Amino acid sequence: MSFIRPEAQRFFLRWRELLLGLGIALLGLYWASGFGVLKWVGVAVTLGGALLAFTGLQRARFRAGQDGPGVVSVDEGRITYYGPLSGGAIDLGEMTLLSLDPVSSPPLWVLHQPGAAELMIPITAAGADTLFDAFATLPGLRTEYMLTQLKAGADHPVVIWQKQAPRLH
């Protein structure tokens, strides 16, 4: 039995890192208003809280819910999707293209790897929020662009990231 309404529970779960970061930053500001060593500890805690709040804001913008089809698992650089009709796995190190298909219902992340079928993951699949950290490891990924495209509602698939070909000297 839960004493918190489901809507409020979803809100707090989505924005949890941001709220925690703001709370830590406020505690740090309180300590920084003092003097001596506590003042410098407060400054450090404030900066840490601000960084957590910034990261939490990005993660909250990435989350789209957990009520979609299938389950996503990220383990040691391998993204696995277990869906009701399809599924598969892709290694992050071998991935060449990440795109977003906002036309599908629900919208899909489309991951490409040479020699493998495209892996299509609904943005609302259970565990899809773990993809934020996985995608963040892709070299040259523009996180703000990805978050903007996620909410933009384009009418065609959008390339989020593409692996750069090695330069020849």
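Which residues is Thr124 in contact with, leaving aside its neighbours within four places in sequence? I began my notebook with this residue, keeping in mind that the model is predicted.

**Entry on Thr124.** I looked up its place and found that Thr124 lies in the loop between strand 6 (119–122) and helix 4. With its neighbours within four places in sequence left aside, I listed Ala64, Gly65, Gln66, Asp67, Gly68, Pro69 and Pro106 as the residues in contact with Thr124. I also looked up its accessibility, and Thr124 counts as buried because its relative accessibility of 12% falls under 20%.

**Entry on helix 3.** I then wrote down the buried residues of helix 3, which are Gly42, Thr46, Gly49, Ala53, Gly56, Gln58, Ala60 and Phe62. As for what these buried residues pack against, I recorded helix 1 (6–14), helix 2 (16–32), strand 5 (108–112), helix 4 (131–136) and helix 5 (143–152).

**Entry on helices 1 and 2.** I looked up how these two helices are set against each other, and found that their axes come within 4 Å and cross at roughly 65 degrees. Angles of 65 to 115 degrees count as roughly perpendicular, and helix 1 and helix 2 are therefore described in that way. On the side of helix 1 the contact is made by Phe12, Leu13 and Arg14, and on the side of helix 2 by Arg16, Glu17 and Leu19. Sorting this contact by class, I counted 3 nonpolar and 3 charged residues, with no polar ones.

**Entry on the aromatic rings.** The structure holds 5 aromatic pairs, and I followed two of them in detail. Phe62 and Trp109 form a stacked pair, with 5.6 Å from centre to centre and 15 degrees between the planes. Because Phe62 lies in helix 3 and Trp109 in strand 5, this pair ties together parts that are 47 residues apart in sequence. I checked the burial of both partners, and Phe62 and Trp109 are each buried.

Trp109 also pairs with Phe135, and here the ring centres are 5.2 Å apart with the planes at 70 degrees, so the pair is edge-to-face. Since Trp109 lies in strand 5 and Phe135 in helix 4, this second pair ties together parts that are 26 residues apart in sequence. Phe135 is buried, as is Trp109. Finally, I noted that ring pairs link Phe62, Trp109, Phe132 and Phe135 into a cluster.

Is Ser99 buried or exposed? At 9% relative accessibility, Ser99 counts as buried, and I located this residue in strand 4 (residues 97–101). Not counting residues up to four places away in sequence, Ser99 touches Leu108, Trp109, Val110, His112, Val158, Val159 and Ile160.

I then went on to Val158, which I placed in strand 7 (residues 158–162). Val158 is buried, with a relative accessible area of 7%. Leaving aside its neighbours within four places in sequence, I found Val158 in contact with Leu98, Ser99, Leu100, Tyr145 and Gln149.

How values were computed:
Residues are numbered from 1 along each chain as its sequence is written. This is a predicted model: local features need pLDDT of at least 70, side-chain atom pairs count only at pLDDT 80 or more; totals for chains, interfaces and linings use all residues. Side-chain values use heavy atoms; hydrogens and water are left out. Buried means under 20% relative accessible area, exposed over 50%, partly exposed in between (1.4 Å probe, protein chains only). Contact means heavy atoms within 4.5 Å. Axes are lines fitted to C-alpha atoms, for helices over the stretch in contact, and angles run from 0 to 180 degrees between N-to-C directions. Angles under 35 degrees count as roughly parallel, over 145 as roughly antiparallel, 65 to 115 as roughly perpendicular and the rest as oblique. Ala, Val, Leu, Ile, Met, Phe, Trp, Tyr, Cys and Pro count as nonpolar, Asp, Glu, Lys and Arg as charged, and the others, Gly among them, as polar. Rings of Phe, Tyr and Trp (its six-membered ring) pair if their centres lie within 6.5 Å; planes under 30 degrees apart count as stacked, over 60 as edge-to-face and the rest as tilted.
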